Amino acid sequence: MSIRRMWRAGLAYIVLLIPTLFLLLGYAWLVIASFSSRTEGLKPVGWTLNNWRFLWESPFGSGYSNIWPVTMNTLVMSLVMTAIVVAVASLAAYPLSRMKFAGRKGFLSLTLVLHAFPSVTLLIPIYFVLLWIQRIPVIGHEIPLIGGFGYNTLGGVALVMVAFQLPFGIWVMKGFFDNISWDMERSAMIDGASRLKIWWQILMPNIKPGIAALSIFSFLTAWNAYIIPVTFTIGRTGQSSVLSLYLQNFISESVMTEWNAVAAVGLFQLIPVLLFFLFTQESLLSIYGGGKKGGV
Amino acid sequence: MQITIENLCKFFGKVKAVDNLNLDIADKEFVAFLGPSGCGKTTTLLMIAGIYKPTSGYIRFGDRVVNHLLPKERNIGMVFQSYALYPHMTVFDNIAYPLTLKKVNRKEKKQRVQRVADMMGIGELLDRKPGELSGGQQQRVAVARALVKEPAILLFDEPLSNLDAKLRLRMRGEIKRLQEDLSVTSIYVTHDQVEAMTMANRIAVMNHGILQTYGTPNQLYEYPDTLFVAGFIGSPPMNFLKIDLEQEGDGLYLVRRELKIRLPEEIAAQVKPSVVPSQVIMGIRPEDVHIVPANEGDFDAEIYVVEPLGREDLVSFRLGEEEFRALTPAPFKGGVGTIMGLNLTKEKIRLFDPDTGNSVLKSNK
Amino acid sequence: MTNFGILEWWNPKNWSLTNYIKIFNNHFFPKILLNTIMYTGLTLFLFNVGMGLVVALITTHIRRRTGFAFRAAWLLPRITPVVVYVMMWKAMAGPAPMGIINDYFLRPLGIGSGEYLLMTNPWVFVILVNGFIGASFGMILLSSAIESIPKDYIIASKVDGGSTWQTIRYVELPMIKWPLLFVTTYQTLSLLTSFEQILLLTDGGPGLYQTEVWSLMAYHRAFATYFGNTQWGYGAAWSVVLVIIGIAMAVIYMRVFKFGELLQEPKIETL
């Protein structure tokens, strides 16, 4: 009996372990390859730091800048997007979760439909919208740091990502609001607080985990994004290029045998993600937990 | 502050939560809303607080209709079952919150918070967060927060049901004393009839959104208006027995297979003539049923189970399908299956209409 | 819907259904349809639902910390930048001696001659790449569903003499029926509309349309310049079909999963 049970438990571990190890192989390769001149499987053929030259010189030739402006772009774009998503989602989710007004159910259903929408269908119309915004003075293409909100600007890309992220963000935040006890809000009302004060002074401090989870999730989504930046910007190391584009261009200009340098750039983009991951796994796993009620 | 409730109705969609409620609460009175869960008592309380809007009817504070006032304009304090303390604020900030919102200056705020905190015996805990307090301490903070703005009306929504039995007994006494000392009009919602009986000046019993009865604890216990009230108030509950009410000569008799009881004059005089003869439900409290040797009482019955309660023993009998209980001084000697005689204190017999559940005795409150 | 040009999109000249007819007359239409069904079906069955459920079940039945570590590992592909993630897989699939799969699995077993596997077996990788990302959704949702089953049911089943497997089979699986169905339908839609990984991995190749799926086709027609000019209208027509599927699915969610009931009535009526 006990041998059979141990065997079964062992089997369960093996079933889980094999695909998990397979999954981790890629990450192992990334780390090893970025510090070696060539790899055979996971075995490095000579350790080197040469692959990390991209930190101070451009791999595309001396005409191009190094990776830091691109990193800065990615960071700015991600922060702008995260800030807008969290602000709008938490403001929108509060009345949707807890206030009585006409059209509430309709609006929630609509966000759900939007969430189920295939992104590719929206890319085409958004392309035209961005071209149109670009022609507006100042807002379109002349804001410092983010470039503006038009086509081929960081702000524009961030705005598009906000649009894609908001339905999800609103549902997640609504899920967290839904879980707060009604008595607490009633109590605050009797104590004399307005709904806006209740939102800011009572509810927001109590859904910090939700805010954190949505922030991290949004930031990572923006940091990792490829399809939206590639569709709505021009040029590989241009003014509004981000890391994903930089890396993808590097990949397509390299052959397999030179991939150690590419791996280093990949690891460079992955490092912040891994740091987030190490410190906030619980938060990330909980985004679905809080949002579960809202149907992710 | 006097509270008057007139024809109050509340619908949630098609569900009627409160049905044509009429009630008045005198200034400084302590009233309990008593009933099983879902009976509409909390809904009524929340309408008084201004959280829910009445579908129809009026709520008045004094002479003023308050239906459309916001909760903050009603000058009320409320204590919730879950305490509803703000977990991210210290005890001080929790209690001070109503004053902070009113922009009371810092010095006065500190004085008033300290005063209510000392009154509630939590003056030493002001720097803690609610999460670091015991249930009883959280309860005190919640009461202090309700009191700090010196409200005209205090509302309690099952405040003791999350406490353990011993603490509940103690808080029960403290809240009652507090209400008397402060002379604040108070409404206390509970499903625990002992709490309602021990604390309130008057009890409003509700069921299915309808007010069953409204009176002092003693009235409700001695002369319940309905079968529901009779069964809900008192522990162990009142015995009920289906029985025929018949006229024989100049006397009224209760007749059933195994028994025949003549109603004493004072009860017989109260019976509404229209119900004789008919089947009624006889109610009698277990303390008014006395166990005697077989053949010596009003009727005989077989012991089903004996439950010692400490001071007394609760003895259950089976009468056909129905159960009949007697409270008797402990220790009771007599085994399961023994036939015993039962003697009723006939002046305590109450009679109800089996269809409507209403008392068929003319009220003599 | 139209053949509008880029400069006057707000003023379409010639309304017609030409673009829709073009879809069905496309020589590769059957191939793309088949690809879409194969990609969606296999990835869904093997990974998004299959692996998701397996990982959820196992990680909820072993030591809590260990289970959590495994779940965290499976979350990794979802939060890895997609370009980096696909690059890792290209390296895994690489020709011998660089490629990990060739070097560690195929060569010792004597299979193949160390080709670039993305060229010889693109479909395997399309499914693996998407599957390892997709499994995490089901895993997270299902493991939280399993963990929220009241412990009394599990204990009752054990007391009744059920083995772990029997408890899973007769108690836990029936109780997570709805989350399971939700994951299945939701992920069907996600897979139908996803194309980013395939775009980066094979770009629909190798060869003509070998791994081209519906949504990728829509993207290619609209944004890639295969034939010298982009075909906005034609691409939009491809994607409208997806929109219809998306709306239909959304309606199903609302009906079957009763999203209406999630919208609890606010319990405070004053503003």
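Analyst: Happy to! Read along its sequence, chain A follows the pattern α-β-β-α-α-α-α-α-α-α-α-α-α, which comes to eleven helices and two strands. Helices (H or I, at least four residues) and strands (E, at least two) are DSSP runs, numbered from the N terminus. This is a predicted model, in which local features need pLDDT of at least 70 and side-chain atom pairs count only at pLDDT 80 or more, while totals for chains, interfaces and linings use all residues. Residues are numbered from 1 along each chain as its sequence is written, and chains are lettered from A and ligands numbered from 1 in the order in which they are written.

Of the 296 residues of chain A, 47% count as buried. Here a residue is buried if 20 or more other C-beta atoms, placed from the backbone, lie within 10 Å of its own, exposed if 12 or fewer, and partly exposed in between. Contacts tell us about the fold too: among those in chain A between residues at least 6 apart in sequence, 64% join residues at least 24 apart. Two residues are in contact if their C-beta atoms, placed from the backbone, lie within 7 Å.

Now for the partners. With chain C, the contact takes 65 residues from chain A and 67 residues from chain C. On the chain C side, helix α13 (residues 232–256) of chain C gives the largest share, 13 residues. By class, the side of chain C that touches chain A divides into 53 nonpolar, nine polar and five charged residues. In this scheme Ala, Val, Leu, Ile, Met, Phe, Trp, Tyr, Cys and Pro count as nonpolar, Asp, Glu, Lys and Arg as charged, and the others, Gly among them, as polar.

With chain B, 13 residues of chain A are in contact with 16 residues of chain B. The elements of chain B that give two or more residues to this side are β6 (76–79) and α2 (91–101), and α2(B) gives the most, with three residues. The side of chain B that touches chain A has twelve nonpolar, two polar and two charged residues.

Beyond that contact, chain B holds an open sheet of four strands with the order β2-β1-β4-β5 and antiparallel pairing; strands pair if DSSP finds at least two bridges between them. Its edge strands, each pairing on one side only, are β2 (15–25) and β5 (64–65) of chain B.
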